[in-house]
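Student: I have a model open and would like to go through the terms used to describe it. Can we take them one at a time?

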Amino acid sequence: MVEEEGFRRYIAHIILWIGIAIVAFPVYLAIVASTQDNAAIANGQMSLLPGGHFLETYYQTLFVGTSGSTREPVLNMMLNSLIMSLMIAIGKIAISIISAYAIVYFRFPFRMPIFWIIFLTLMLPVEVRIYPTYKIVADLHMLDSYAGLSLPLIASATATLLFRQFFMTVPDELLEASRIDGAGPFRFFWDTLLPLSRTNMAALFVILFILGWNQYLWPLLITTRDDMQTIQVGIRKMITTTDALTEWPVVMATALLAMLPPVFVVVVMQKLFVRGLVETEK
Amino acid sequence: MRPAIFPDLMQKQSIFQSKLLPYALVAPQLAIVLIFFYWPAAQAVIQSFLLQDAFGLSTSFVWFDNYLDLFKEPTYFEAIVRTFIFSFAIAVSSLSFALLLAVMADKPLRGGTLYRTLLIWPYAVAPPVVGVLWIFMLHPSLGVLARYLRAMGVDWNPLLNGDQAALLIILAAAWKQISYNFLFFLAGLQAIPKSVHEAAAIDGARPMRRFWTVTFPLLSPTIFFLLVVNIVYAFFDTFGIIDTMTRGGPGKATETLVYKVYSDGLLGGNLGGSAAQSVILMVIVILLTGIQFRFVERKVTY
């Protein structure tokens, strides 16, 4: 029995490492390709070991871009992605936490209808209403702007529901106590509720940042200027040209740079990430 | 863990009194939701009942004609069937592989947290990047794996062969979703009390039997939840993968419903038809979300 248990454990380790290898292989290949010469790759003669073009490729990728007509330094694309994802994450948390505060801590006419109006947005991802949304953003002259990139993606209820849920678990005694201290709605929110919500906000931020950074369809539609491209859109344009002209080392370096920030966040802030993922899952 | 859906059941006893402040607090979110959510959704519904003439000069109300036209179009029907096949294939392959890994990682192994870290990061890889990674690996003329496939005598060319293109999309999409499924399966497995396993072991059930008769049924709420999440994922989040790998091609072999809305919209022209497509997608999402909510209520009583 004991020996069999040991054997089973051995099998478990092997299966897990096979799983990890399958998951990691495409990325390993990208790392290798980003350090090699484009000619060897284009010939189908790519080596499975890293080459010597690491610095050269990454310098070109970050500061110059591809040699084609739509050249745009990837560093600039990353900056656009960063601004967009920060605006989405911070914007969503900010508007959600105050509306949840209003819904939980105040009684006012139309409170429930307003709650339902916000709640129902859970139902529809941006993908199903892209063209009408595009038209509105165009009418508001927000194409090729950070506001146009981020505002439509802020319109969703997940964060509001999460904060509402959390506020309901905050003991009433805290409000009574701060009221005795003479605190009004602003002081109570700022001094009591906000510090208590810190972990929730952090978990939510991690998830929203990743989701924002990885947006694709929406930025693809509303950015036309090369200097407004996010990295996810930029990488697609790099392989638009015929295969022979695609600079695969640069494409692969861009792919790795595109996954670096969100993967870093997942690995380093794993606890917050898991918490955020479980709590925001709708 | 999920936010309570029916807020009336619980209310704060202790509240603030203010007439205007609460409106000011909900105003920003309400404004954004109305402008960027309800307005476009309403536009889509209205437009789906209208027909515009070729010059965009006049529009007329045509009831469900746009919808009927859509279903008469063979390519639309094919896209529906294809989307469901993709969803099913992605969900089943990704779920079963993730479940296998989660069951292995649930054992008291040395390095358990390391395994988790090494398996969950693909969640953070964006769909277009997934597409780029996979097409590079399996590109007919330069892909490393394509080389081996050809050496084994497979006539591999997903850029020309529709079935191979579909397979490629399914594999890439399933790959990305492994991490998510793994994480939720692991949480589900860890929530099963150890005493249940011990009881079954004392009854003399072998590990395999124990899995199918004890673990699997106890895990069914997680499986069902993940099934819905995976289908929604396959419907919507595969857009980036498809767009970077095949652009819906060759022919229309990898065109899903969302991809079709996008590509038909790019061509311009038929506004009503495009809106009708959007509305059908909305109905599908609402149905899927509804199923999921029903299930969650069951999980609470479970």
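Student: Leaving aside neighbours within four places in sequence, which residues is B:Ala146 in contact with?

Tutor: The model is a predicted one. In it, B:Ala146 is in contact with B:Leu138, B:His139, B:Pro140 and B:Trp156. A contact here means C-beta atoms within 7 Å.

Student: Where is B:Ala146 placed, and what makes it buried or exposed?

Tutor: B:Ala146 belongs to helix H6 of chain B, residues 144-151. The cut-off for buried is 20 or more other C-beta atoms within 10 Å. B:Ala146 has 20 such atoms, so it is buried. As for B:Gly273, 127 residues apart from B:Ala146 along the chain, the two C-alpha atoms are separated by 39 Å.

Student: Why is B:His197 called partly exposed?

Tutor: A residue is partly exposed when its count falls between the limits of 12 or fewer for exposed and 20 or more for buried. B:His197 has 17 other C-beta atoms within 10 Å, and is therefore partly exposed. This residue sits in helix H8 of chain B, residues 194-202. Beyond its neighbours within four places in sequence, B:His197 is in contact with B:Arg210 and B:Val214. Its C-alpha atom is separated by 8.0 Å from that of B:Thr215, 18 residues apart along the chain.

Student: What is said of phi at B:Arg247, and where does that residue lie?

Tutor: B:Arg247 has a positive phi of about 55 degrees although it is not a glycine. Its place is the loop between helix H10 (239-245) and helix H11 (257-267) of chain B. The count for B:Arg247 is 14 other C-beta atoms within 10 Å, so this residue is partly exposed. The C-alpha atoms of B:Arg247 and B:Tyr259 are separated by 8.4 Å, with the two residues 12 apart along the chain.

Student: And A:Phe110: what makes it buried or exposed?

Tutor: A:Phe110 has 11, so it is exposed. A:Phe110 lies in the loop between H4 and helix H5 (111-119) of chain A. Its phi is positive, about 70 degrees, although A:Phe110 is not a glycine.

Student: How do you know that the length of helix H7 of chain B agrees with its number of residues?

Tutor: The helix covers residues 162-191, which is 30 residues. At 1.5 Å a residue, it should span 44 Å, and its end C-alpha atoms are 43 Å apart, so the two values agree. H7(B) does bend, by about 35 degrees at B:Gln177.

Student: Why is H7(B) described as mostly covered?

Tutor: The term rests on the burial cut-off of 20 or more other C-beta atoms within 10 Å. In H7(B), 21 of its 30 residues are buried. For chain B, buried residues make up 40% of the 302 residues.

Student: What does the secondary structure of chain B come to?

Tutor: Chain B has 12 helices and two strands. From the N terminus on, the order is α-β-β-α-α-α-α-α-α-α-α-α-α-α. Its C-alpha atoms fill a box of roughly 75 × 75 × 30 Å along the principal axes.

Student: How many residues of chain B are in contact with chain A?

Tutor: There are 76 residues of chain B in contact with 85 residues of chain A. On the chain B side, helix H1 (residues 21-47) supplies the largest share, 18 residues. That side divides into 58 nonpolar, 13 polar and five charged residues.

Student: Which residues touch the most other members of the largest nonpolar core?

Tutor: Of its 160 residues, these are A:Ala255, B:Val129, B:Phe136, B:Ile169 and B:Phe182. The largest share of this core, 16 residues, comes from helix H4 (residues 74-105) of chain A. Apart from neighbours within four places in sequence, A:Ala255 is in contact with A:Ala30, A:Ile235, B:Val129, B:Val132 and B:Leu133.

Student: Where does UniProt place the feature "transmembrane region" in chain A?

Tutor: The unreviewed UniProt entry places it at residues 12-31, 82-106, 113-134, 146-167 and 248-269. In the model, residues 82-106 of chain A are 96% helix and 0% strand, with end C-alpha atoms 36 Å apart. Residues 146-167 of chain A are 86% helix and 0% strand, and their end C-alpha atoms lie 31 Å apart.

Terms used:
Residues are numbered from 1 along each chain as its sequence is written. Chains are lettered from A and ligands numbered from 1 in the order in which they are written. This is a predicted model: local features need pLDDT of at least 70, side-chain atom pairs count only at pLDDT 80 or more; totals for chains, interfaces and linings use all residues. Helices (H or I, at least four residues) and strands (E, at least two) are DSSP runs, numbered from the N terminus. The expected span of a helix is 1.5 Å times one less than its number of residues. The bend at a residue is the angle between axes fitted to the seven residues ending there and the seven starting there. Two residues are in contact if their C-beta atoms, placed from the backbone, lie within 7 Å. Ala, Val, Leu, Ile, Met, Phe, Trp, Tyr, Cys and Pro count as nonpolar, Asp, Glu, Lys and Arg as charged, and the others, Gly among them, as polar. A nonpolar core is a set of buried Ala, Val, Leu, Ile, Met, Phe, Trp, Tyr and Cys residues joined through C-beta atoms within 7 Å. UniProt positions are given in the numbering used here, feature names are shortened, and annotations may be inferred rather than shown by experiment.
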